[in-house]
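Please take a moment with the sequence and the model before reading on.

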Amino acid sequence: MDITELKVQYQTNPIGIESRQPGFSYMISSKEPGQFQSAYQILAASDEMKLRNDTGDLWDSGKVYRRESFGIIYEGCELSDRQGVYWKVRVWDRHNTASKWSAPAYFEMGLLNEEQWKASWIGWGDGTPQNHSEAFYLAHEFQIPSDRKIIRARAYVSGLGLCCFSLNGREADESYFSPGESDYSKTVYYKTYDIEKLLHSGTNAVGLHIGNGQYVNYHIDPVMVLPDAREAETHRYQKNDSQYVKKGICGEKKAIAQIEITYEDGKTEIADMTGREWKIAKSPVIFNNWYGGEDYDARKEIEGWNEAGSDRRGWKAASQMRNPMGRLKAWEFGKIEIVEKFPAVSVKKLENGNYLADMGRNLAGFTEIVLENTTDKDRGKRVEIFPAEILREDNTGVDQSTCTQSWNQKYHCCIKDSYVIRGTGREIWHPVFTYHGFRYIEVRGFPDEAGPQNFYCCVLRMDNEKTGEFQSSDPIINEINILTERSVESNMFFTFTDCPQIEKLGWAETSHLMFRSMASGYDIRSWIGKIVQDMADSQVGQTDIDNGEIEEKGYVPAIIPEYFRISGLSRDVNWGGACVLTPWEYYQYYGDPVLLNRNYDLMKGYLEYLQLKTVAGMLRGYSQMGDWGQIEEDTPVLLVENCAYYYLLSVMSKAAEITGHPGDIGIYRERADIVRKEFHKNRICYRAENGNYGNGSQASYGCVLFSGIVLPGKERMAAEKLEEAVKERGYHLSSGEVGLKQVFSALARYGKSEVVYKMVMNETPPSYRSFVEDGLTALPEYWNYRELWYGMARSRNHAMMGHVREWLTSWVAGIRSMTPGFGKTEIAPSIPHIVERAAGCVMSPYGKISVEYRMSGGVFILKAGIPAGVTADIQIPDVGAVRTDCRDCRLLHIGSAYRFTGVGAGTYEFKSYGE
């Protein structure tokens, strides 16, 4: 058996982590069919030589009998600040034969205790008069002795709002927007950099470039910038629907950095750290706003500002600043990076002299402009870039209404980036402190003839590995899948945002409603851990009044991190309940209870808060969003919120059992029983005389079936009524983001995937097919996306309605987990007679599970790949005789299908054919 993919905290060889009992995982493979791990042994050592000698001086797990190769918690010696750990693993197969040891892997602890930080937060100074819209540089030089050999060098860095870190004129990595969004009143992330290759003996220079991000936006401008504001900020869009700004979640720009070097003699020394001796100066970024864009004046560039020997005599001394409210916490998740870069698909010159570039699809990122052969005559000219999702109706330029909630029409606000030309030949530039959602750009002031080679699109997202695929014989379905993936990727940043232009906010509900649609395509394990930490930080610890807003103990907001609170859209059980359901979905999909264990108090605290909001056991008028995004359906909020509440209580009872809280199991079961009883006594929710739920809408039945609140024995009847509700609307989509997932799931679960197919592929809107045929390249926010919402245009790149991806993977490809983590898996395509060919794969914690099938000429053939450790049941339609090369499984004939049970690891073909 081969052992690969060794990870700690679901990252490869991470440095600077904080978890004192980190989680280990790995994958195994074998050419022998049916293999699985029966036991493992992990060795962890303080140096690589001990590990090579099979000595685990930090931890020797011994032989542990366990089939799972993930979620293994470190139980060795207590780990200390900066400690490096080498580890390896071996396993025993199903015959109890030991494998070879894996190749060694590594992880390293960060600064675990506050007193380890000797550096200070620095900047212009608290309350110092300044133009807050500008970015600034911080720089310093330090010495490395030529007679000492470096064996390890680390930089621990954070900057609020955003920070770019460089050494000796070189960026430390290629990531963007560090240290990431968080609830800065509780947590400020710092990043650990391996800088050994960037250093040299003698004088070294460190540079920090600090911009605004979310941290500064609401500090300098708690309401939208209006036309009569300061000239520098006039006409720039700023998202803000509320006067409420949470204490400590914003402030003035500042940075902290500590560079430590370990020499061959074993001594670790602080080579440099931020303090008053550092120098500060304005950077060429003369304006930056997370929403409104970035302005860069190349004439103000400081040549070699972050290199040794640079002339900084005109710079000022940096000032020490107050620490942010939140504590520094180590970074244990991925990074934002450019995942794709390509030139514009087309460029044309408009009658007004501007250029219009089409990037070919809607995306999240920024434009890189390339200017050739600029001279002194171009110096000082300004190139302005206006990103947008759509064009004006007459195609005379871009229309930013879908990027600004139409505020550009109401207040003449816009989103733009600009570049002032230096005039020194070839000049290449893109923003570093902002990104946009767009397909088109309109460019004003370009100094020469332009073509695609002058405008490059840089696509950004969290670097969650792409692990899943789906393809079919139907090009429309394939395009629907692509639209969904683009929208997921466009919103995959430090939070799962609702859109990359209007809001850039982490509305919490999508983290659980869209969990399986995301996880089927990407490895989101470390990312979701960060998102759930944001939830824990956002929970109210004690009832208080903050800026006039009452905050009650246990409350979890709708927006996380809660940079502001939108009145009337701040509480809903499906939004706040993400603190329960996202850890639960994580456990169900990945089989690792780590988030349930770590966040049990968070989950319990929220349900205790909700209990205080009940009347006679039910929530009544608590939730504000209901089935958000529904069209002409109006499913009662009372039904939606109590289905969700019942489901939360049911999940919590199971979570209490899994996490070892036996006293809570019965409490939550009893509360769930009360909710179900009262629900069925309430005529808004249920009519006993005809068995109808809610107002008969699709979501009314989808919610009761998905949550399990439906009366026992009435499930089939409710599923039939759901199908009738869909037929009544001509198989059109009508549910919102809550109901849609539950409608699809309920229909598919009760053998009605054909109904889902008709909804998805409906030739008239609203349907996913209509999006494709209407030329959309990502999913819009609403089904009726062309209509105004309260007088405002809405986003054309939202992921909240992307539940079709879960259906494509789980029911069209047919890959479904039967136990948490896919240890037992079912592969059973639901509509092979409609979709003649399909192929897909998901990455389970054990490895890749793949399927490919085709139905042609009365013959059905399915090929499946099962990783070591997984046992599958595989079902194919009965079209005649049956044959397979799988020798170690049981064949059952169930109705019109063949089912092969107990299929172990391997690659197999299953065939049914007419005789």
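In which loop is the place of tyrosine 10? Tyrosine 10 sits in the loop between strand S1 (2-8) and strand S2 (23-29), where helices (H or I, at least four residues) and strands (E, at least two) are DSSP runs numbered from the N terminus. This is a predicted model, in which local features need pLDDT of at least 70 and side-chain atom pairs count only at pLDDT 80 or more, while totals for chains, interfaces and linings use all residues. Residues are numbered from 1 along each chain as its sequence is written, and side-chain values use heavy atoms, with hydrogens and water left out.

The predictor's confidence in each residue, pLDDT, runs from 0 to 100; the protein averages 94, and 97% of the residues score at least 70.

Tyrosine 10 has a positive phi, near 60 degrees, in a residue other than glycine, and with 13% relative accessibility it counts as buried (buried means under 20% relative accessible area, exposed over 50%, partly exposed in between, with a 1.4 Å probe and protein chains only). Asparagine 395, in the loop between strand S29 (390-391) and strand S30 (398-399), also is not a glycine and has a positive phi of about 60 degrees, but asparagine 395 is partly exposed, at a relative accessible area of 43%.

Other loops hold cis peptide bonds. One joins leucine 160 and glycine 161, with omega about 0 degrees, and glycine 161 lies in the loop between strand S11 (150-160) and strand S12 (162-167). Another joins proline 765 and proline 766, of which proline 766 is found in the loop between helix H17 (753-760) and helix H18 (768-773).

Helix H16 (residues 737-749) is largely enclosed by the rest of the structure, because twelve of its 13 residues are buried, among them Leu740, Val743 and Phe744. After H16 comes glycine 751, whose phi is positive, near 75 degrees.

Turning to the strands, an open sheet of five has the order S42-S43-S47-S50-S49 with mixed pairing, and two strands pair if DSSP finds at least two bridges between them. Its edge strands, S42 (815-817) and S49 (890-894), each pair on one side only. Within this order, strand S47 (residues 871-877) and strand S50 (residues 897-903) run antiparallel and are joined by five bridges, and proline 877 has alanine 897 in S50 as its bridge partner.
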